[in-house]
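Open the model in your viewer and keep the selection tool at hand. Each stop below gives a selection and what to look for.

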Amino acid sequence: MKSNNSIFKAPVNLEAWLSAIKDLPPTKSSTYSPKEIIDGFKVDTVSVDTLADFVDFYNLAGDLGYQEERFDALLEFRRVGELTKVWDYFCNHHLFKARKHKELSFDRAKFIVDFKKLVGGFEALMHG
């Protein structure tokens with residue numbers, strides 16, 4: 001980030017967020033329920049908890065993909081539009097508290113198909 005200082009526009013609370021990371025204990029395990037996440041996206045209004053569960057899994061897949069070469073295929077599954085739209089919405093509205101509030105707008109059917117592909121890829125790589 002430092003080398004890109006002239007073009008990087010940090011969110012208002014980035015420094016506080018990064019400073020707080022040092023106090024977080026490492027996670028020993030992660031449990032996720034794709035069915036619960038999918039069911040949560042089938043309802044008219046998606047709850048913040050469902051969004052957070054999706055983002056946690058999405059971030060886990062990204063962390064693995066960026067940190068271990070055998071998981072780099074997960075990065076392609078994450079780059080699809082509907083997953084990215086939901087992740088961006090959550091980060092902007094619930095994590096970084098953006099000032100501009102846009103409604104969550106995405107193709108639910110495509111999101112579910114894409115999320116299932118991400119989960120399938122994750123499980124194949126974990127057990128492969």
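Select Leu118. Leaving out residues up to four places away in sequence, Leu118 touches Phe57, Tyr58, Ala61, Leu74, Phe77, Arg78 and Leu83; contact means heavy atoms within 4.5 Å. This is a predicted model: local features need pLDDT of at least 70, side-chain atom pairs count only at pLDDT 80 or more, and totals for chains, interfaces and linings use all residues. Numbering starts from 1 along each chain as its sequence is written, and side-chain values use heavy atoms, with hydrogens and water left out.

With Leu118, they touch the most other members of the largest nonpolar core, which has 24 residues. Such a core is a set of buried (under 20% relative accessible area, 1.4 Å probe, protein chains only) Ala, Val, Leu, Ile, Met, Phe, Trp, Tyr and Cys residues joined through side-chain atoms within 4.5 Å. Helix α3 gives the most to this core, seven residues.

Now show α3 and α6. Their axes come within 11 Å and cross at roughly 45 degrees. Axes are lines fitted to C-alpha atoms over the stretch in contact, with angles from 0 to 180 degrees between N-to-C directions. Which residues make the contact? From α3, select Phe54, Phe57, Tyr58, Leu60, Ala61 and Leu64; from α6, select Phe111, Phe115, Leu118, Val119, Phe122 and Met126.

Last, show α2 (residues 34-41) with α3 (residues 48-67). Here the axes come within 9 Å and cross at roughly 135 degrees. Ile37, Gly40 and Phe41 of α2 meet Thr50, Leu51, Asp53 and Phe54 of α3.

Technical notes: Helices (H or I, at least four residues) and strands (E, at least two) are DSSP runs, numbered from the N terminus. Buried means under 20% relative accessible area, exposed over 50%, partly exposed in between (1.4 Å probe, protein chains only).
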